[in-house]
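Me: I am new to this structure. Please take me through it in short steps.

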Amino acid sequence: MAYGKKVLDHYEHPRNVGSLDKNDAQVGTGMVGAPACGDVMKLQIKVSDEGLIEDAKFKTYGCGSAIASSSLLTEWVRGKTLAEAGEIRNTDIAEELALPPVKIHCSVLAEDAIRAAIEDYEGKQARKADAPDEAQLAEAV
Amino acid sequence: MNDINLPIYLDYSATTPVDPRVAAKMRQYLTPDGEFGNPASRSHSFGWHAEEAVDEARKQVAELIGADPREIIWTSGGTESDNLAIKGAAHFYQKKGRHIVTVKTEHKAVLDTCRQLEREGFEVTYLAPQANGLLDLEELEASLRDDTVVVSVMHVNNEIGIVQDIGAIGKLTRERGIILHVDAAQGAGKIPIDVHAMQVDLMTLSAHKIYGPKGIGALYICRKPRVRLEAQIHGGGHERGLRSGTLPTHQIVGMGEAFRLAREELAEESARIRALRDRLWNGLNQMEEVYLNGDLEQRVPGNLNVSFNFVEGESLIMALKDVAVSSGSACTSASLEPSYVLRALGRNDELAHSSLRFTIGRFTTEEEIDYTISLIEQAVQRLRDLSPLWEMYQEGVDLDSVQWAVH
């Protein structure tokens, strides 16, 4: 597969590789894809109290395009609000990386990953609002 | 390690370079000062000399597989030989029956030819190999019917390098009067072949897998018992009417010389290549979660097919810019399907996606193998650091228990 410069750059120097604490209430984790399909992306975002994505990390099992798509995504979502991040479309990623048609599904996976991460974070926040917070729990004891 | 020329070629099953000794011989059959004549020209010495060269090459090819020169006809390569053998025999013997037996791990030149025959009304049984790649002979025997006319089983598999027990298969087919076709493109010149001892009726041979030129192959057609074929290419009646078309003398001479060298050097060369292959496997096997695909013992010396779990094959190939290998990963294919050969072995898709095929040959050195091992160790480590699956594995998560959203 002959790749463009941007894919190769992200593949050779992936940005923001790593993991955040998935149990942290400020962290949203999106894991999409399947090993049997040849690609799995894990994207994590850390959201500040102001609702900004202050950190993003990824790990990806997959081809060069899948690695590049998720690496690019972590760069793009940093500093964005959840709403802004949720607006990133796979076509933006495919265009930026000049992905060949056969690799478009890698960018789709990246879009799925950020949405899953946002959903995970929002779910945690909703549960936190419903549940008594730790201070109340401490008082009850 | 300064004496290594990069990139390193470890894809000898895809093709081989022409041996310089072969190229030197071929050059004598092209230019005005050489023997450029048409071997079919009977009226002058240009033709006679070319015909002599073709006859000599036919003898050299026959000798490698224990055949008679009259049992060899020239084709354009392995694909054409497979087509001529299977279609030719199926068409000729169709009054006797219209059932064909082959194996799921055959080369596409065999599988697609069988598909075409299915469209013509033939029935084809595609046998699944065992987990080590080898055919279960009892299963093969059970598949044979009164109307079975052709069985096609490859000698050496191109992806995993395993060697089928052709002699045992030949015994089953010969006693039933069924034609046995063997695609030996990957086996000839690498392991000894005796078509008569193995009771093979038709055998596909290719030049460019054993240091001959591309674009030339041959088909062995057994004389005793006599095997008949219906021609697929019609014209001037060359090759006893079985394959018309002017014989490419330089290609044929190249194939003959390549087969002569292969025969003379087979024992020594296969021992050397096997040692290099074992060195590579011992090096790679030092890493965790590395799996060999296909049987190690019943295997051609130069082949190593390995899955690096939790690393996707295409991304690994990208990291190995300086090593030419091929992958069973979907992402290196246009179809996005992982290797059908590895899937037929029952390997899970993850391991098929994570596989690399290394094939070692005549010009591979020990230094190249050692360099390759170190490059792969670095690349696998780097990609595992990037892999969420590796992370989960390290945390003790059973990946099979995860509900993946298959897309």
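Me: In E13(B), which residue is the bridge partner of B:Val306?

Reply: This is a predicted model: local features need pLDDT of at least 70, side-chain atom pairs count only at pLDDT 80 or more, and totals for chains, interfaces and linings use all residues. Residues are numbered from 1 along each chain as its sequence is written, while chains are lettered from A and ligands numbered from 1 in the order in which they are written. Helices (H or I, at least four residues) and strands (E, at least two) are DSSP runs, numbered from the N terminus. In E13(B), B:Val306 is bridged to B:Leu356.

Me: How many bridges pair strand E10 with strand E13 in chain B?

Reply: E10(B) covers residues 303-308 and E13(B) residues 355-359. One of the bridges links B:Leu304 to B:Phe358 in E13(B). Two strands pair if DSSP finds at least two bridges between them. Here the pairing is antiparallel, and the number of bridges is five.

Me: What is the strand order of the open sheet of four strands in chain B?

Reply: E9(B) runs antiparallel to E10(B), with three bridges. The whole sheet pairs in the antiparallel sense, in the order E9-E10-E13-E12.

Me: Which strands of chain B stand at the edges of that sheet?

Reply: An edge strand here has a single partner strand, so one side of it has no neighbour in the sheet.

Me: At about what angle to E10(B) does helix H7 of chain B run?

Reply: H7(B) spans residues 249-284 and lies across E9, E10 and E13 of chain B. Angles run from 0 to 180 degrees between N-to-C directions, and axes are lines fitted to C-alpha atoms, for helices over the stretch in contact. The angle to E10(B) is about 10 degrees.

Me: Now chain A. What is the strand order in its open sheet of three strands?

Reply: Eight antiparallel bridges join E1(A) to E2(A), and eight join E2(A) to E3(A), also antiparallel. A:Val27 stands opposite A:Lys46 in E2(A), and A:Met41 is bridged to A:Thr60 in E3(A). The order is E1-E2-E3.

Me: Which residue in the turn between E1(A) and E2(A) has a positive phi?

Reply: The two strands form a hairpin with four residues between them. The phi is about 90 degrees, and the residue is A:Gly38.

Me: And which one in the turn between E2(A) and E3(A) has a positive phi?

Reply: This hairpin has five residues between its strands. With a phi of about 85 degrees, the residue is A:Gly51.

Me: At about what angle do H2(A) and H5(A) pack?

Reply: H2(A) lies across E2 and E3 of chain A. The axes of H2(A) and H5(A) (residues 104-130) are 9 Å apart. The angle is about 40 degrees.

Me: How does that angle class H2(A) relative to H5(A)?

Reply: Angles under 35 degrees count as roughly parallel, over 145 as roughly antiparallel, 65 to 115 as roughly perpendicular and the rest as oblique. The packing angle is about 40 degrees. That makes H2(A), relative to H5(A), oblique.

Me: How many residues of chain B are in contact with chain A?

Reply: Two residues are in contact if their C-beta atoms, placed from the backbone, lie within 7 Å. Chain A brings 24 residues. On the chain B side, the number is 26.

Me: Which element gives the most to the side of chain A that touches chain B?

Reply: Strand E1 (27-34), strand E2 (39-47), strand E3 (53-61) and helix H2 (64-77) of chain A each give two or more residues. With four residues, the top giver is E1(A).
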